[in-house]
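Have the viewer open as you read.

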Amino acid sequence: MPFCPQCRYEYRAGLRQCPDCGAELVDELLPEEQSPPSGPLVTIYIAKDMPEASLVKSFLEEFQIESFIGYEAGSAYPVGQIEVRVAEAYADEARELIAEFLSAPPEDPTL
Ligand SMILES: [Zn+2]
């Protein structure tokens with residue numbers, strides 16, 4: 001049965017889009033997040049600055065992927081590269097989403 005990842009409703013087979021919110025339906029819902037995924041974090045993206053890291057983080061959150069922003073080891077300040085990390089279980093999915101995201105970036109006059 002298809003489900004809406006946004007509304008978490010189940011719809012009858014054959015529907016591809018949520019009639020409520022227009023989201024693309026998925027075959028199964030990931031279980032509601034009860035606790036953060038265990039296991040090591042994997043760096044899936046290296047941002048050049050904090051706004052970019054935040055953008056990637058909020059993008060991933062739209063897909064229910066919890067991400068963490070980390071600085072280079074030993075740095076207490078947001079200087080240099082900023083790593084975006086997710087739980088290992090989400091790493092592949094997150095990388096794909098980001099690749100897609102970057103191929104169609106939001107409007108940015110500096111690009
Ligand atoms: Zn929906």
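## The sheet

Three strands make an open sheet in the order E1-E3-E2, with antiparallel pairing; strands count as paired if DSSP finds at least two bridges between them. The edge strands are E1 and E2, each of which pairs on one side only. On average, neighbouring strands are turned by 35 degrees against each other, direction ignored. As for the labels, helices (H or I, at least four residues) and strands (E, at least two) are DSSP runs numbered from the N terminus.

Before going further, two notes on the source. This is a predicted model, where local features need pLDDT of at least 70 and side-chain atom pairs count only at pLDDT 80 or more, while totals for chains, interfaces and linings use all residues. Residues are numbered from 1 along each chain as its sequence is written.

## What packs on it

E1 and E3 pair in the antiparallel sense over 6 bridges, and Val42 stands opposite Val86 in E3. H1 packs on the sheet and touches E1, E2 and E3, its direction making about 15 degrees with that of E3. H2 also packs on the sheet, touching E1 and E3, and its direction makes about 15 degrees with that of E1. Those angles run from 0 to 180 degrees between N-to-C directions, with axes being lines fitted to C-alpha atoms, for helices over the stretch in contact. Contact here is between residues whose C-beta atoms, placed from the backbone, lie within 7 Å.

H1 covers residues 50-62, 13 residues, and reaches 18 Å from its first C-alpha to its last, close to the 18 Å expected at 1.5 Å a residue (the expected span is 1.5 Å times one less than the number of residues). Its buried residues are Ala53, Val56, Lys57, Phe59 and Leu60. They sit on the same side of H1, because they cover an arc of only 160 degrees around the axis, taken from the directions from the helix axis to the C-beta atoms. Buried means 20 or more other C-beta atoms within 10 Å of a residue's own, exposed means 12 or fewer, and partly exposed is in between, with C-beta atoms placed from the backbone.

What covers this buried side? The cover includes E1, E2 (67-71), E3 (82-87) and H2 (91-103). The face turned away carries the exposed Pro51, Ser58, Glu61 and Glu62.

## The core

The largest nonpolar core has 13 residues, and Ile44, Val56, Leu60, Ile65, Val84, Val86 and Ala94 touch the most other members. Such a core is a set of buried Ala, Val, Leu, Ile, Met, Phe, Trp, Tyr and Cys residues joined through C-beta atoms within 7 Å. E1, H1, E3 and H2 each supply at least two of its residues, and H1 gives the most, with 4. Not counting residues up to four places away in sequence, Leu60 touches Ile65, Ser67, Val86, Ala94 and Leu97.

Most residues other than glycine have a negative phi. Gln64, in the loop between H1 and E2, is not a glycine but has a positive phi of about 60 degrees. Gln64 counts as partly exposed because it has 13 C-beta neighbours inside 10 Å.

Arg8, in the segment before E1, also has a positive phi, near 65 degrees. With 9 C-beta neighbours inside 10 Å, Arg8 counts as exposed. Leu15 lies in the segment before E1 (41-47) and is partly exposed, with 14 such neighbours. Leaving aside neighbours within four places in sequence, Leu15 is in contact with Pro2 and Leu25.

How values were computed
Contact = placed C-beta atoms within 7 Å.
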